Amino acid sequence: MRLISQLAQWFDARLQLASAIRDTAEHPVPRQTASWFYVFGSGALVIFMMQVVTGILLAFVYVPSAGEAWNSLQTLNHSVTLGWYIRALHGWGSNFMVAVVLIHMVQVFLFGAYKFPRELTWIVGVFLLLMTLGMAFSGQVLRFDQDAFWGIGIGASISSRVPVLGPWMVHLLLGGPIIAGATLSRFFALHVFAIPVLLLGLVGLHLLMVLKLGINEWPMPGRIVRKASYEHEYHELLKKDGVPFVPSAVWKDIFFAGFLLLLLALVAAYYGPFGPSGRPDPTIIQTAPRPDYFFLWLYALLSLLPPQMETPALLIGPVVAIAFLLLLPFLAGEGEKSWRRRPVAVLGIALVGVILGTFTSLAGHAPWSPVMDAWSGDPVPKQFLKNQTALERQGALVFQLKQCHNCHSLGEIGGKRGPALDSVAVVQTRDQLIRQVIQGGGNMPAYGKNLSPAETTALVAFLETLHPPGQSPAHDASRALANQPADTSPASPR
Amino acid sequence: MTLPENMTRRALLVKLGIVFNACVAALLAIPILRYLLSSAVAGRKSSYRNWLSLGSIEQFPEGQTRFATFTNPDVQPWDGKTAQSACWVRRIDAERLQVFAINCAHLGCPVRWFPQSGLFLCPCHGGAYYEDGSRASGPPERGLFEYPYKIENGTLLIQAGELPTPGSPAASLTAAGKEFPCG
């Protein structure tokens, strides 16, 4: 024991850090902030450190070359001892990182911690969020599989829409005119050097400000932040009801860190690494690229926005969102901190949560994408073929062969791009069906050029049988009247 | 009174030193920025105008649309498979063709040709195009991108040096995608 303490003294005589560390560790924090609500910032830091470690471990094997990256991931997955597990830890770690950073941000927002004098801490935090997302996207590119390859294409297509600078930005992003070796090399440099260095620096700054300004006190309804008096009040609070950070508050951070890491270890072990999906070969087009989890909402948004709104939304939306986040502490730098007295803030968070959640869950089954192989893979369910005439069955064949099934479902089978056709005959008359098939419209392509009159007749005859039992198909009453002299029985309900 | 003067002298030297460093930094910034931005500001290389072979014209029967691949004009040994690109060739008749980029005009995913329904379908966000490349439905605002082509000595050649994106010069080269007349 004596030896250890002598060694410690020897080092501290030269480093002179012990007292600074002791002061930092024992700095007083308001008693109520020793709370489970205050653990997410340190949680994000712990996951970040984990990402640094697993990232370095992956770099021992990974080859940042367009020709070899995918192979080196296969080697990691299948040949290197536990390479798959390190990949899983890093991949799931990125999901954890995004999630914990977002939770931290929501907590900080709802507890009013961005208000005076912590405006800059919040602003640095906004940049940390952007960099976290930048790491997530560039990391997905380094996986350099099919999803990554076409994902960069999507990034390039979005940036190309910027007025004037667009084409220039595409070349800057890709490192050349096409997605190739240069693209992967620059994303490697961003993911492994540029962004992490900035992240480390800003994390340091963020932490320094938390220490210098003190952790945000527990917000009490009615305790108003005023620039003139806040700092005095905060120090009074510390004097009256402060506890040393170590050990009074830190034990919760420590347990949360352990819990997070254990959860990450278990999730990574259970679910394994992400991909890689198919080889990044631009000539293999049998693929349906999907982004990683945290960008799924964007994928849904890009599918569902009306075409004419898309470019403005893509170019203006992020600018407005980031500007709002950066300006927030200046727009609401004083006033009430407690979420109990800030209904707009709570509703805003709820709204953003519902929007992101809805889009993410929609992207899970992507109803806007045609099911590319439904026409050859998913048969028309039997119940739609019972008691049918030869013409109607021929129509069912046309339905299948012309790939209507890729976008329209029958009995829950098939694409969801267009409406389900289980009871289409109830809502459209024969003439309307013919018009819709031939001319398209309402987001459906026109099939006039591609269907012979016989095929159209058969297809529409089949579609007319699609109505629930006991419910008659739609018919045009005026048509029946006009036809009466020639045919006394109007379009008979089936 | 000598001390403040002395300090002023030192302070001036510090300022001069900072200005000196700023000048050197500005000087160094020129090569660094030119290196960093070279891929964007180098301008359109003449290789974009190279004619790339899609192989014999015999592979593309009249009245059909076929898949074809080509090697990009600027490749590095480490590009691997990404040195290749793909396109769709529609042979209208003996002389007239259309060569469509594989990239959807929406956000660049690879479109697939379905001869049965006569449509190009995109697997990502659900864009659809008619056989002549014009927009049929979905999020794209325009038709498929077309590459300029020519036939020389029985070989089909195209100009395709650049990833076509909605805002790229390559996209404006072509006139594909008038809206389908009815609808």
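How many residue pairs are in polar contact between chain B and chain A? In this predicted model, the count is 25 residue pairs, both members being at pLDDT 80 or more. Salt bridges across the interface of chain B and chain A number 0.

The contact involves 59 residues of chain B and 64 residues of chain A. About 5000 Å² is buried between the two chains, and carbon and sulfur atoms give 63% of that area. On chain B, the elements that give two or more residues to the side touching chain A are helix H2 (38-41) and the strands S2 (65-71), S3 (84-91), S5, S6, S7 and S8 (135-137). Strand S3 of chain B provides the largest share, 4 residues. By residue class, the side of chain B that touches chain A divides into 31 nonpolar, 22 polar and 6 charged residues.

The cysteines come next. A disulfide is a covalent bond between the sulfur atoms of two cysteines. Over all chains the count is 1 disulfide, and it joins B:Cys109 to B:Cys124 with an S to S distance of 2.0 Å. B:Cys109 lies in the loop between strand S4 (97-101) and strand S5 (112-114) of chain B, and B:Cys124 in the loop between strand S6 (119-121) and strand S7 (128-130), so the bond ties together parts that are 15 residues apart in sequence. The torsion about the S-S bond is about -80°, which means that the disulfide is left-handed. Both B:Cys109 and B:Cys124 are buried.

B:Cys87 is in no disulfide; the nearest cysteine sulfur, that of B:Cys104, is 16 Å away. B:Cys87 is buried, with a relative accessible area of 0%, whereas B:Cys23 is partly exposed at 47%.

Terms used:
Residues are numbered from 1 along each chain as its sequence is written. Chains are lettered from A and ligands numbered from 1 in the order in which they are written. This is a predicted model: local features need pLDDT of at least 70, side-chain atom pairs count only at pLDDT 80 or more; totals for chains, interfaces and linings use all residues. Side-chain values use heavy atoms; hydrogens and water are left out. A disulfide is a pair of cysteine sulfur atoms within 2.5 Å. Buried means under 20% relative accessible area, exposed over 50%, partly exposed in between (1.4 Å probe, protein chains only). Contact means heavy atoms within 4.5 Å. Buried area is the accessible area (1.4 Å probe) that two parts lose on being put together, summed over both. A salt bridge is a side-chain nitrogen of Lys or Arg within 4 Å of a carboxyl oxygen of Asp or Glu. A polar contact is a pair of N or O atoms within 3.5 Å; within protein, one must be able to donate a hydrogen and the other to accept it, and residues adjacent in sequence count only if both atoms are side-chain atoms. Ala, Val, Leu, Ile, Met, Phe, Trp, Tyr, Cys and Pro count as nonpolar, Asp, Glu, Lys and Arg as charged, and the others, Gly among them, as polar.
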